[in-house]
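Subject: Structure handover

Hello,

Here is the structure I promised to pass on. Please open it first, then read the notes below it.

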Amino acid sequence: SFTISVSTTATTPGTPLYIPLYTPSMSPYPTVPSDSTVETVSYWPSLTPSSQISTTVFGTSSNIPSSSLISTEQSSSPTQIETTNVMDSCLNATQVIDLPFQDSNTTVGATIDFDQQSECGIATSARGVWYALLGRGTVTTIGIVSVTFDTEVAVFSGSCDSLTCVANNGYEIGWGSSVLFLAEANVQYFIHVTGTDNTVTWKDNDAFDIVGTYNITIMEYERYGMDLCSGATQIAGLPYVDSNTTIGAFQDFGNTSNATTCGIASSARGVWYSLVGRGTVTAVNVEAVFDSEISVFSGGCDALGCVVNSGYEVGFGSSVVFLGEEGVQYFIHVTGTDNALLWKDNDAFDVTGSFNISVVEYDNYEMDSCSGAKEISTVPYLDSNTTIGAFHDFDDTSGIVCGIASSARGVWYSLVGQGNTTTVIVISSFDSEIAIFSGSCEELNCVSNSGSQEGMGSSLDFVGEVDVQYFIHVTGTDNMVSWKTNDAFDVVGSFTISVSMG
């Protein structure tokens, strides 16, 4: 036994194609509907009581010979014939007149649109339906929701005989898809809804069978200037606070083929601020209703240089600190990220929402670096200080250094060993950590680390060899987890340190 599928292309519009099947004594023939909606037809030929014919036919025609033999297959259930979808052609696209727009529809019965080569990310085997929209000069978003198949949406401009790719949603986890584009006023756009096989990383013939029902929503937003680096909101003075949103923003680095730019996913959509450095330590903090991320750039909008990125942080907030050099132009980018995954992917597209941003500055003090360590010349020694405004000390490493997280920010002391046990105690307003190094600032050697201790304080003992130079690093740690993570970034505050020997 075998099954054959036949497709035909009509030269003129006609009724939905139902090719009558011929078998001996078959009765009745399938009923041809009078309109061009998607329907299913079941029929029982007179073969045996438990036999029937099954066929799948695509296209439209008005003069198929009644004796055309398409397929025969034994089955015990009624036949379903997949009929022509009226929206199957770009020329028959459903016109979207008003926004917001919603529609429930199906790709069942659609034919292949780009069988020669992939267009705008659509597989050569994919079958889809069409909508048409006249641009209104607004940021336009298209969202597809389906529980029956893995969807894909592509946007074209131009005409049906000369389509130009504008946007494609790319790979997204789950069966929904979404895309955003600037619909220029009075420009004709065509929206193509189809299926895709995201279980593979290339476009292949698996997409042929990926059809089903879906819901589509099309909305628009007014584009605002700070969506572009060139329209960044200028921060004239510090401290600075602002409440804003990333809803309606565009991808800023969407042409990087799923790579990252200063830690930002190619799918992420964000807004911009600009700031002229004042020779101070500058801290940026964002509290958001979404999983936020901050990147800081220097240079110009046409040649951005990455300065720092907030990286992975637990929770919806994010923060970053950098040295704002006097007179240097900086650009601050606030966007969304999907921290449920360990890599940057297109899930970030939908991570948008409202946020509050604060930018503050601190004087840059010398003991923030090993070379500026505060010298302990006599013991016992007592000092009160702070790690607020300090930098990462080991942010160029992918792991930990002498127990210190790559995100931790701390301050430095130095002393010369005297051949006896040295005790260092830190009492702090934050969860503190102490690390002891020997050697030089250019080549530090780990001696000891206080490790995880209950409470906010920390302490350790080490034997200081005679005339050996030691460096004491006071920093913060997140002991709520069993590994060193970027949570340590925000663990800063005031402390008192005491050093004794005996």
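**The hairpin**

Gly439 stands opposite Leu444 in S28. This is a predicted model, in which local features need pLDDT of at least 70 and side-chain atom pairs count only at pLDDT 80 or more, while totals for chains, interfaces and linings use all residues. Residues are numbered from 1 along each chain as its sequence is written, and side-chain values use heavy atoms, with hydrogens and water left out.

Back to the hairpin. It links S27 to S28 through two residues. Strand S27 covers residues 432–440 and strand S28 covers residues 443–449. They pair in the antiparallel sense, over six bridges. Two terms apply here. Strands are DSSP runs (E, at least two residues), numbered from the N terminus. Two of them pair if DSSP finds at least two bridges between them.

**The open sheet**

Four strands form an open sheet, in the order S4-S11-S6-S9. The pairing is antiparallel. S4 (101–106) and S9 (177–183) stand at the edges. Each has a single partner strand, so one side of each is left without a neighbour in the sheet. From one strand to the next, the twist averages 20° (axes are lines fitted to C-alpha atoms, and angles run from 0 to 180 degrees between N-to-C directions).

S4 and S11 (residues 213–221) run antiparallel and are joined by six bridges. Within S11, Asn215 is the bridge partner of Ser104.

**The salt bridges**

How many salt bridges does a search of the whole structure find? The search finds three. The term means a side-chain nitrogen of Lys or Arg within 4 Å of a carboxyl oxygen of Asp or Glu. For accessibility, buried means under 20% relative accessible area, exposed over 50%, and partly exposed in between (1.4 Å probe, protein chains only).

- Arg136 and Glu220 meet at 2.8 Å, N to O. Arg136 lies in the loop between S5 (129–134) and S6 (138–145), and Glu220 lies in S11, so the pair ties together parts that are 84 residues apart in sequence. Arg136 is partly exposed at 39%. Glu220 is partly exposed at 23%.
- Glu361 and Arg278 meet at 2.9 Å, N to O. Glu361 lies in S22 (residues 354–362) and Arg278 in the loop between S16 (271–276) and S17 (280–288), so this pair ties together parts 83 residues apart in sequence. Glu361 is partly exposed at 25%. Arg278 is partly exposed at 38%.
- Asp383 and Lys374 meet at 3.2 Å, N to O. Asp383 is buried, at 10%. Lys374 is partly exposed, at 31%.

Best wishes
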